[in-house]
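I opened this notebook to set down, step by step, what I looked up in a structure that was new to me. The sequence and the model come first, and my entries follow.

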Amino acid sequence: MKKIIFKSLFVAVIAIIMSGCASYGGSMLSPTSLNSANFSYVKENISGTAGVTYLFGLGGGFLKENWGLVQEAKKKMLLSYPLKKNQALVNITVDFKTKYIFPIAMSKSCIITADVVEFKLVAF
């Protein structure tokens, strides 16, 4: 009986250690107004990713909390596709993903995805 309990406990502890991957997704409001037909989509689904890893609870840097990860991911996204004149980001989505290898490591990543629109010049 003790062997069965010990094996069950061992399997449960291993399952907890090897699992624990969680994800959070969200979206941001864009200040860009798309209520008239004065724009066209230029590029869809551009993205940028930033991440941080903690070993035994240490590491990651001071500025790499959630807001720092979002800022870094946005910067990488705009480096991969720089905006031109009359262009704006729309449909911005921010996702966070956290992975645990308990108790050794934790990694957190931020993925930002957006579409790029270009506004047409209106002649008066």
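Before placing any residue, I noted that strands are DSSP runs of E with at least two residues, numbered from the N terminus. I also kept in mind that I was reading a predicted model.

**Entry 1: overall layout.** I looked up the secondary structure and found two helices and four strands in the protein chain, and from the N terminus on these elements run α-β-β-α-β-β. I then checked burial, and of the 124 residues of the chain, 23% count as buried. For the accessible surface I noted about 9100 Å², of which 66% belongs to carbon and sulfur atoms. Among contacts with a separation of 6 or more, 75% are between residues 24 or more positions apart.

**Entry 2: the nonpolar cores.** Which residues touch the most other members of the largest nonpolar core? I found that I46, M77, L89, C110, I112 and A114 do so, in a core of 16 residues. I traced this core back to its elements, and β2 (39–55), α2 (66–80), β3 (87–101) and β4 (105–119) each supply at least two of its residues. A second, separate core has five residues, including F39, A88, V90 and V117. As background I wrote down that nonpolar side chains tend to be buried together in soluble globular proteins.

**Entry 3: the aromatic rings.** How many aromatic pairs are there? I counted two. One of them joins F39 and Y41, whose rings lie 6.0 Å apart centre to centre with 70° between the planes, and this pair is edge-to-face. Ring pairs link F39, Y41 and F119 into a cluster.

**Entry 4: Q87.** I located Q87 in strand β3. Is Q87 buried or exposed? Its relative accessibility is 11%, and because buried means under 20%, Q87 counts as buried. Leaving aside its neighbours within four places in sequence, I found Q87 in contact with V42, Y81, P82, V116, V117 and E118. I also looked at the polar surroundings of Q87, where a polar atom of its side chain lies 2.9 Å from the backbone nitrogen of K84.

Definitions and conventions: Residues are numbered from 1 along each chain as its sequence is written. This is a predicted model: local features need pLDDT of at least 70, side-chain atom pairs count only at pLDDT 80 or more; totals for chains, interfaces and linings use all residues. Side-chain values use heavy atoms; hydrogens and water are left out. Buried means under 20% relative accessible area, exposed over 50%, partly exposed in between (1.4 Å probe, protein chains only). Contact means heavy atoms within 4.5 Å. Accessible areas come from the Shrake-Rupley method with a 1.4 Å probe; for residues, only the protein chains shown count as cover. A nonpolar core is a set of buried Ala, Val, Leu, Ile, Met, Phe, Trp, Tyr and Cys residues joined through side-chain atoms within 4.5 Å. Rings of Phe, Tyr and Trp (its six-membered ring) pair if their centres lie within 6.5 Å; planes under 30 degrees apart count as stacked, over 60 as edge-to-face and the rest as tilted. A polar contact is a pair of N or O atoms within 3.5 Å; within protein, one must be able to donate a hydrogen and the other to accept it, and residues adjacent in sequence count only if both atoms are side-chain atoms.
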